[in-house]
Amino acid sequence: MISLTNLTRAAEIGANSYLLRSGSTSVLLDAGMHPRREGWSATPMLDALPKDLEAVILSHAHHDHVGALPLVTRQCPGAKVWMTSATAALAEPLLHNSVNVMTRQRKETLQQEYPLYTHRGVDDCAVTWEAVPLQRPFHVDGSEFKFVFHDAGHVLGSALTEVRCGARRALYTGDLNLGRQTLMIPCQPPKGPWDTIIMETTRGAQPTPSGQTRDSLENDLLEAIRQTFARGGAVLMPVFALGKTQEMLTLLHHARGDGRLPPTTIYIGGLGRVLTEVYDRQRSLAPRQHAGLKIIPEVRPETFDPRRLATLRPRSGQIYLVSSGMMTPHTTSHTLARLFFPRENDAIFFVGFTEPSSPAGLLRTAGQGGSVDWADPHGPLPIRCEVRHFDLSAHANREDLVEWICEEARPKKLFLVHGDPEAQDWFRQTLSLRRPEIMIQQPPPGKPVPLFD
Ligand SMILES: [Zn+2]
Ligand SMILES: [Zn+2]
């Protein structure tokens, strides 16, 4: 039997990690770190990893898929690590940044276990990486496992992982997008029917309003920015350094070029700049739109220096495109937001998924005129600036995923992962009504279940 063990500790977008086992061969899909937990509780269930783990396959370089990789390769030194070359180029600076963040947290929160790994640990880990092109099969020696990467349309380097075992085929989606973004092109999953699909469910709890398209969202965002500038305000957009930063830089650049935005100064963070340089170097190697655009030299964003925070006075015509997207404490967007809260001409615009219990989620819920409880010593913070959300997500919307599963993928078995319980429940209910023949499971943490029916 080939088994799948979910090593994520709960049904949530956490430390994504899934163990495949066939006979004596074990392969790990992703090695993520939980974005909101701290210390060892943020890691996947590493105790369940066999010592003789043969391989780790990474879907993309986001922290919730790659953040625990140095821990896995330290514990299982014989494991090979496979990913696309763009993911490898992005993952290295991201993991080094994680060491810096953990080292800072050790000082600020007295979290004695931090950092969970060191810069040296990241370097040791990176020597085990092998870059695999899209569409080229690769396999684990002496086992029945074969794998193929397909473009996932989520961020640079992101891949769907096809798992072939003899005549049977499974597909692990990682994070995917079936619609277009500004840079990424829509994912075109390989043809079904599939025996098994392991599918992300990020947006299962959010219906897409009728008539809402990528074009209408982009226009709404640009109109809101114009209005903010016109009343003398500045804009803060909390974003992930990987993906959303480059998507927004490109959108704002085009809007500046064709007059939809007035002259605008865009600030990005230091990590955002490093990762944008990777986008530039890989621009013709990985699938994307505007392959001719070199973002850094053509868009010319300024790098925001956090040391300026004490004296900073945001002005009209300025956009602060800084991380983190969830406004995690001690990040630039979290700190900068406090400057924006009391200024009614300013605006904070969210442009992607915000987990409801994160500081970004709490701020969205509170909104303009409300107050947000960020555990500040002075109590809840009143919000006078504008707060809006534009659903320019890098994840497939739930309607597209249902169509794909029902009409094209048509799996015998479907595992729901990478989503909150409500999101997974919506998919389970909707799909079991439309396709009762599909066996739908939410793989329980730590318990092996058969990969195929
Ligand atoms: Zn992702
Ligand atoms: Zn993810």
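Leu58 sits in the loop that runs between strand S4 (55-57) and helix H1 (63-66); helices (H or I, at least four residues) and strands (E, at least two) are DSSP runs, numbered from the N terminus. This is a predicted model, where local features need pLDDT of at least 70 and side-chain atom pairs count only at pLDDT 80 or more, while totals for chains, interfaces and linings use all residues. Residues are numbered from 1 along each chain as its sequence is written, chains are lettered from A and ligands numbered from 1 in the order in which they are written, and side-chain values use heavy atoms, with hydrogens and water left out.

Back to Leu58: with a relative accessible area of 0%, Leu58 is buried (buried is under 20% relative accessible area, exposed over 50%, and partly exposed in between, with a 1.4 Å probe and protein chains only). Its C-alpha is 8.7 Å from that of Ser158, though 100 residues separate Leu58 and Ser158 in sequence. Another loop residue, Ala394, is found between S19 and helix H11 (398-409). Ala394 counts as buried because its relative accessibility is 11%. Ala394 and Asn177 are 217 residues apart in sequence, yet their C-alpha atoms are 6.0 Å apart in space.

Now the zinc ion (ligand 2). Its protein donors are Asp64 (OD), His65 (NE2), Asp175 (OD) and His418 (NE2), at 2.1 to 2.3 Å. Donors here are N, O and S atoms within 2.8 Å of the metal (3.2 Å for Na, K and Ca), and sites may look incomplete because water is not among the atoms. Along the chain, the donors of this zinc ion (ligand 2) are spaced as D-H-x109-D-x242-H. The arrangement is irregular because the 4 donor atoms subtend angles of 89 to 163° around the zinc ion (ligand 2). Four donors count as tetrahedral if all angles lie between 85 and 135 degrees; four count as square planar and six as octahedral if opposite donors are over 155 degrees apart and all others between 65 and 115; anything else is irregular. As for burial, Asp64 counts as buried at 11% relative accessibility, and His65 is buried at 0%.

Next come the sheets. An open sheet of 7 strands runs in the order S7-S8-S9-S10-S11-S20-S21, with mixed pairing (two strands pair if DSSP finds at least two bridges between them). Strand S7 (138-139) and S21 are at the edges with a single partner strand each, so one side of each has no neighbour in the sheet. At one end, S7 pairs with strand S8 (residues 145-151) in the antiparallel sense over 2 bridges, and His139 stands opposite Lys146 in S8. Further along, strand S11 (residues 196-200) runs parallel to S20 and is joined to it by 5 bridges; here Met199 stands opposite Leu416 in S20. S20 also pairs with strand S21 (residues 439-441), in the parallel sense over 3 bridges, where Phe415 has Gln441 as its bridge partner in S21.

Strand S20 (residues 413-417) is largely enclosed by the rest of the structure, because 5 of its 5 residues are buried. Lys413, Phe415 and Val417 point one way from S20, Leu414 and Leu416 point the other way, and all are buried.

An open sheet of 6 strands has the order S14-S13-S15-S12-S16-S19, with parallel pairing. Strand S14 (302-303) and strand S19 (386-389) stand at its edges, each with a single partner strand, so one side of each lacks a neighbour in the sheet. Within this sheet, strand S12 (residues 235-238) and strand S16 (residues 347-350) run parallel and are joined by 2 bridges, with Ile348 in S16 as the bridge partner of Leu236.

On a 1 Å grid over the protein atoms alone, a cavity is a set of points where a 1.4 Å probe fits but cannot get out, and a pocket is an open set with protein on both sides within 12 Å along at least five of seven lines; lining residues have an atom within 4 Å of a point. Grid points are joined across faces, edges and corners, and a volume is the space filled by probe spheres set on the points. The second largest pocket has a volume of about 260 Å³. Of its 16 lining residues, Arg203, Thr213, Arg214, Leu217 and Asn397 are the closest to its centre. The search of the whole structure turns up 1 cavity of 30 Å³ or more. The largest cavity has a volume of about 70 Å³, and its lining includes Pro238, Phe240, Lys244 and Phe350.
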